[in-house]
Amino acid sequence: MYEGVHARPDGESTLARMALTAAEYGFSGIVVRNHGDQPCDADREEIAETYGIDVVDGVEVRADDPSRASGFVGNYRDEKTVVCVHGGDDRLNRFAVEQPAVDVLAHPMDGGDFNHVLAKEAARNGVRIEFSLARVLREQGGTRVRAIQDLRKLREMVETYDVPYVVSVDPTSHLQLRAPRDLRAVGEVIGFSAEQVERGLEEWGQLAERNRERQSDRYVEPGVRLGEYEGGDGNENG
């Protein structure tokens, strides 16, 4: 299971501290999803080796309008392993789910809405929808109640239209990280099954694995990969 994190300078904690805490909590990896204007320049490979955890290079595109977001996505797609779009705005939500180049629509309900039209587009284009537990864990009173209501509505859309999804607490500090067992418990309280939460955490890692394969020299297109010919003498008729 993986978590998507914001490390310094986009967050309060260094990437090394995030990785250490995530490893102690039992995560297999973290996706560094800093906003594009706050990149993390820490040595991901060294940190991964030091703490025995996969560190995935990602980005969360933040823009004022779909036109600018489109340019950023195009710039980052070949550079980053996981490309997210900072959602919440209705226009950006629609833009993100219509783009196969986008991997994850982050926190779509934070100020915006998500309906059946967007759900169908996300399913068609393979865009993961994020179930962000951040507001449930870090807000109180009416704000928390609305966050739970939003997540339940989002879950209904995702289940109805078989939309791929990820789960995260969107941490900006190692103190905000939560162990998978804790997230399962939170999920069950607000109406998710433990299996749904686990699947959403695992999806980050599966997404990273898929994209790394696509970025490799052996990938041509879905279902087509370059490989060595086995069993012959090197000739066409071999």
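The model is predicted.

The structure holds one cavity of 30 Å³ or more. The volume of the largest cavity is about 100 Å³. The lining of this cavity comprises 13 residues. Closest to the cavity centre are Met109, Asp110, Ser132, Arg135 and Leu151. By class, seven lining residues are nonpolar, two are polar and four are charged.

Several elements build this lining. Strand 6 (128-132), helix 6 (134-138) and helix 7 (141-161) each supply at least two residues. Helix 7 gives the most, with four residues.

The second feature is a pair of packed helices. Such a pair is described by the angle between the two axes and the distance between the axes. Helix 3 spans residues 66-76, and helix 4 spans residues 90-97. The two helices pack at an angle of about 40°. Their axes lie 10 Å apart. The crossing of helix 3 with helix 4 is right-handed.

Residues from both helices make the contact. Helix 3 contributes Pro66, Ala69, Ser70 and Val73. Helix 4 contributes Arg91, Leu92 and Phe95. Five residues of this contact are nonpolar, one is polar and one is charged.

Note on methods. Residues are numbered from 1 along each chain as its sequence is written. This is a predicted model: local features need pLDDT of at least 70, side-chain atom pairs count only at pLDDT 80 or more; totals for chains, interfaces and linings use all residues. Side-chain values use heavy atoms; hydrogens and water are left out. Axes are lines fitted to C-alpha atoms, for helices over the stretch in contact, and angles run from 0 to 180 degrees between N-to-C directions. A crossing is left-handed if the near helix is turned anticlockwise from the far one by less than a right angle, and right-handed if clockwise. Contact means heavy atoms within 4.5 Å. Ala, Val, Leu, Ile, Met, Phe, Trp, Tyr, Cys and Pro count as nonpolar, Asp, Glu, Lys and Arg as charged, and the others, Gly among them, as polar. On a 1 Å grid over the protein atoms alone, a cavity is a set of points where a 1.4 Å probe fits but cannot get out, and a pocket is an open set with protein on both sides within 12 Å along at least five of seven lines; lining residues have an atom within 4 Å of a point. Grid points are joined across faces, edges and corners, and a volume is the space filled by probe spheres set on the points.
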